[in-house]
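Dear colleague,

Please find below the structure that I am handing over to you.

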Amino acid sequence: MSDLDSSLRADLDQLRKEGRFRPLVVLESPQDAEVVIGGRRLINLSSNNYLGLNTHPRLKEAAIEAVRSWGAGSGAVRTIAGTQSIHEELEARLAEFKGTAAALTLQSGYAANLAVLGGVLAEADAVVSDSLNHASIIDGIRLTKAGRYLFPHRDMDGLQQRLEEARRDGRRRVLVVTDGVFSMDGDIAPLPEIVERAEAFGASVMVDDAHASGVLGRQGRGSVDHFGLEGRVAIQVGTLSKAVGVLGGYVAGSQELRDTLIHLGRPFLFSTSHPPAVVAACLAALEVMQSEPERQRQLWENARHFKAGLTSLGFDCGRSETPITPVIVGEARHAMELSDELRRRGVFAQGIGFPTVARDQGRVRTIVTSSHTREQLDAALEAFADSARALGLELRPKTQAATEA
Ligand SMILES: *Cc1c(COP(=O)(O)O)cnc(C)c1O
């Protein structure tokens, strides 16, 4: 074995010792309300496929048709020869959807955050960021030389202090960055207060709506629409990989923002654009989100039913307010054990532990979708109850009254 590989092996052994070494889970089926893993059908509570769009016939047809008429790949980066008219059509539709002057698509939501933070901010500037923001925001912040001002999760006094510090430090552009819906806890950013505080300091706001698009706002327009903050959030980042059901990221905002990213957003400049099939499927998804609003309603009905069920069984669902519902059990090891028990009982829900969440906040994270049936959700709740019993987990069942309070 080479020196590199034996060194890597030592690090991997450490992960194993900490119970953090997890083989990839391989699906032998489409990503849907149920999936096949290891030859068994399981109820799937692990996807971000909120509206069940990735298997929608209209998206599939649009992708196939685009391959026929446009080819399999785009052949270049956007700035050289990789911009086809459908790329711009999708961007026009996204801008309309988000109520902004312009939008720019990128290969992923991850790339979108890197492009914005690396492209918009320079050394003289400041980024003011919620401590629980997504890893792609953290990596984007690593790409900029701007001053970094972290505030404790959803702590508005903390935000105020950081804004004061940034002003004292004489920063030029000040950008407050937050997830719209936080991916590990399912809580919603207090966007109206964030906007108010930022405005008082002449700072701008950027919201990453990866888990809010398709979920919050009219037809799933996201958290800016949800809170009625049109025109007051300078940068809306979104993903096409979650509720939209395909792949990609986008940045919606002003024409100046779009032009800046085209010239300075490194992931945009140095990575090939989307294949036509991806673009066409995204366009179809946006149409379905408008023409089938019952999907969003069903998503929320399912989320409420499932969350109420978990809470009344006595599970700790933290501060979730959205279809992301964590079941918090403590150490990473316990989260993995619960996930394994659930799998034995026909439910696929991944365990998540340190360092993705704090050491004592290990959890099984569940996400229901609009495609789950009531029977599937009730069967999953039963599996949770049985798994907890098998593991001797301490539950604090709540009365119905307390659950509704
Ligand atoms: C998933 C996610 C991303 C990344 O989106 P991809 O399209 O999967 O790259 C970015 N930000 C947040 C908050 C996310 O949850």
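Helix 4 (residues 109-120) supplies the largest share of the shell around the ligand, namely three residues. Helices (H or I, at least four residues) and strands (E, at least two) are DSSP runs, numbered from the N terminus.

Please note that this is a predicted model, in which local features need pLDDT of at least 70 and side-chain atom pairs count only at pLDDT 80 or more, while totals for chains, interfaces and linings use all residues. Residues are numbered from 1 along each chain as its sequence is written, and side-chain values use heavy atoms, with hydrogens and water left out.

The ligand

The ligand is surrounded by 15 residues, and the closest are G109, D208, T239, S241 and K242. A residue belongs to these surroundings if one of its heavy atoms lies within 4 Å of the molecule. A polar side-chain atom of T239 lies 2.6 Å from an oxygen atom of the ligand. For H211, the distance from a polar side-chain atom to a ligand oxygen atom is 3.1 Å, and for H134 a polar side-chain atom lies 3.3 Å from a nitrogen atom of the ligand. On its own the ligand has 380 Å² of accessible area, of which the protein covers 86%. Accessible areas come from the Shrake-Rupley method with a 1.4 Å probe; for residues, only the protein chains shown count as cover.

Salt bridges

The structure holds 26 salt bridges, each being a side-chain nitrogen of Lys or Arg within 4 Å of a carboxyl oxygen of Asp or Glu. Two of them may be found in helix 13 (residues 332-344), including the one between R333 and E337, which lie four residues apart, about one turn of the helix. The closest N and O atoms of R333 and E337 are 3.9 Å apart. R344 and E341, three residues apart in helix 13, meet in a salt bridge of 2.7 Å, N to O.

How accessible are these side chains? Buried means under 20% relative accessible area, exposed over 50%, and partly exposed in between (1.4 Å probe, protein chains only). R344 counts as exposed because its relative accessibility is 55%, whereas E341, at 13%, counts as buried. R333 is partly exposed at 43%, and E337 is partly exposed at 32%.

A salt bridge network links R154, D185, D187, R319, E321 and R363.

Three strands form an open sheet in the order 10-13-12, with antiparallel pairing. Strand 10 (324-330) and strand 12 (351-352) stand at the edges with a single partner strand each, so one side of each has no neighbour in the sheet. Two strands pair if DSSP finds at least two bridges between them; strand 10 and strand 13 (residues 362-367) are joined by six.

Definitions and conventions. Polar contact = N/O pair within 3.5 Å; in protein donor to acceptor, adjacent residues only side chain to side chain.
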